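Please look over the sequence and the model below before reading on. The report that follows goes through the helix contacts, the sheets and the aromatic pairs in turn.

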Amino acid sequence: MKTQPYKQDSGKLTYKVGVTLDRFIKSKQQDFPYATGELSQILRDIALASKIVSREISRAGLSDVTGAFGQTNVQGEEQQKLDVVANVRFTRALTKGGEVCAVVSEEEDLVIDLENSKGKYVVAIDPLDGSSNIDVNVSIGTIFSIYRRKTPTGSPIQEQDVLQKGSDQVAAGYVLYGSSTMLVYSTGNGANGFTYERSLGEFFLSHPQMQMPVDGVIYTINEGLTPHINPNILSYLEGCKRKGATARYIGSLVADFHRNLLKGGIYLYPPTSQAPNGKIRLMYEANALAFIAEQVGGAATNGTERILDIVPQSLHQRTPIYIGSKNMVAGLEKALLG
Ligand code: AFP
């Protein structure tokens with residue numbers, strides 16, 4: 001039989017669609033120290049849940065998913081309907097695969113024991129970050145951290161499996177539901193971003209080997225906090241302004257972080273007189289973003305300690321955070337010394 005070699009068609013009519021998330025995860029599996037495919041499956045489960053959540057978000061206003069759910073979470077914050085929907089979607093997706101034994105969620109008081117003691121992984125997640133932006137059509141996100149349990153599989157889940165420091169994360173990432181839906185993740189070998197192609201139902205690699213500029217001109221802080229914060233931070237911000245910096249604040253941590261990653265900048269959520277530990281949650285907000293920040297050449301600190309070195313004492317612990325371009329974070333640390 002006569003055959004002919006396969007020729008890649010570079011014609012304009014058949015442009016390449018690119019590398020799917022699934023294919024990318026598979027191609028990178030061998031780089032990971034525990035290359036059994038379980039971590040890859042967790043990432044795929046998270047991606048699937050994020051597609052469902054993205055669909056729900058895009059219908060907000062048409063379907064009955066906007067507004068308050070009528071309950072408060074453990075933080076005393078009013079849960080939005082989409083907080084609840086996202087929490088169910090992600091937890092359910094993580095339950096199905098059998099790789100995860102426990103989930104820590106912003107929306108749940110206690111650790112969710114998936115009663116799957118064979119699962120090697122623990123996931124900490126903020127299913128829907130920036131809930132106050134849901135009803136006003138502003139970008140929101142999902143943040144996740146993945147840890148390997150410390151105790152042997154087959155035994156009941158212990159506190160040491162859950163309260164791990166950020167540097168123990170084996171993977172972390174976020175989904176940004178913005179002008180497009182994007183998933184960014186890292187397994188500790190740099191970070192890559194994928195954009196969701198809704199008509200094909202797939203994430204495609206759009207931002208390979210992301211890098212954060214070492215310097216930037218954006219500072220991101222809730223300006224309403226400034227009467228209640230350390231004056232050294234105010235001096236730092238004044239210095240930024242004198243150098244021509246510009247303010248940008250969305251109020252969704254994922255969106256604020258992502259913009260600063262791409263453009264260069266610093267995000268600050270400092271302690272205030274009313275909230276001495278700040279607002280951002282260590283286990284399912286700060287750690288994942290600090291992990292990504294370091295992977296793309298940025299930095300993250302609580303002012304005195306690298307975020308990834310903080311040993312959590314409780315599930316819903318808060319931490320001050322200064323995260324972003326390396327030189328800006330270093331400048332802030334210097335300013336804090338007075
Ligand atoms: P949730 O929506 O998950 O509760 O978190 C929102 C958030 O922690 C973070 O996304 C924002 O950057 C921050 O709160 C905004 O807070 P302020 O309204 O205090 O600026």
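## Where two helices meet

Which residues in H5 meet which residues in H8? In this predicted model, Asn 232, Ile 233, Tyr 236 and Cys 240 of H5 are in contact with Met 328, Gly 331, Leu 332, Ala 335 and Leu 336 of H8. Sorted by class, the contact of H5 with H8 has seven nonpolar residues and two polar ones, with no charged residues.

Helix H5 covers residues 231–242 and helix H8 covers residues 326–336, and their axes come within 8 Å of each other while crossing at roughly 140 degrees. An angle over 145 degrees would count as roughly antiparallel, and H5 and H8 are therefore described as oblique to each other. The crossing in which H5 passes H8 is right-handed.

## The helix pair H1 and H2

Helix H2 (residues 38–58) packs against H1 at an angle of about 165 degrees, and the two axes are 10 Å apart. The two helices are therefore roughly antiparallel to each other, and their crossing is right-handed. On the side of H1, the contact is made by Leu 21, Asp 22, Ile 25 and Lys 26, while H2 contributes Ser 40, Leu 43, Arg 44 and Ala 47. By class, the contact of H1 with H2 has four nonpolar residues, one polar residue and three charged residues.

## The hairpin at the edge

Strand E9 (residues 192–197) and strand E10 (residues 202–207) run antiparallel, and five bridges join them. Gly 193 stands opposite His 207 in E10. Four residues lie between the strands of this hairpin, in which Gly 201 takes a positive phi near 70 degrees.

## How H6 and H7 lie together

Leu 253, Phe 257 and Leu 261 of H6 make the contact with Glu 285, Leu 289, Ile 292 and Ala 293 of H7. Sorted by class, the contact of H6 with H7 has six nonpolar residues and one charged residue, with no polar residues.

## The sheet of five strands

Another open sheet has five strands, in the order E12-E11-E13-E15-E14, and again the pairing is mixed. The edge strands are E12 (246–247) and E14 (299–301), each of which pairs on one side only. Strand E13 (residues 265–269) pairs with strand E15 (residues 321–324) in the antiparallel sense over four bridges, and in this pairing Tyr 267 stands opposite Ile 323 in E15.

## Aromatic pairs

A pair of aromatic rings is described by the distance of the centres and the angle of the planes. How many aromatic pairs does a search of the whole structure find? The search finds six aromatic pairs, among them the pair of Phe 24 and Phe 194, which is edge-to-face, with 5.1 Å from centre to centre and 70 degrees between the planes. Phe 24 lies in helix H1 (residues 21–28) and Phe 194 lies in strand E9, so this pair ties together parts that are 170 residues apart in sequence.

Conventions
Residues are numbered from 1 along each chain as its sequence is written. This is a predicted model: local features need pLDDT of at least 70, side-chain atom pairs count only at pLDDT 80 or more; totals for chains, interfaces and linings use all residues. Side-chain values use heavy atoms; hydrogens and water are left out. Two strands pair if DSSP finds at least two bridges between them. Axes are lines fitted to C-alpha atoms, for helices over the stretch in contact, and angles run from 0 to 180 degrees between N-to-C directions. Angles under 35 degrees count as roughly parallel, over 145 as roughly antiparallel, 65 to 115 as roughly perpendicular and the rest as oblique. A crossing is left-handed if the near helix is turned anticlockwise from the far one by less than a right angle, and right-handed if clockwise. Contact means heavy atoms within 4.5 Å. Ala, Val, Leu, Ile, Met, Phe, Trp, Tyr, Cys and Pro count as nonpolar, Asp, Glu, Lys and Arg as charged, and the others, Gly among them, as polar. Rings of Phe, Tyr and Trp (its six-membered ring) pair if their centres lie within 6.5 Å; planes under 30 degrees apart count as stacked, over 60 as edge-to-face and the rest as tilted.
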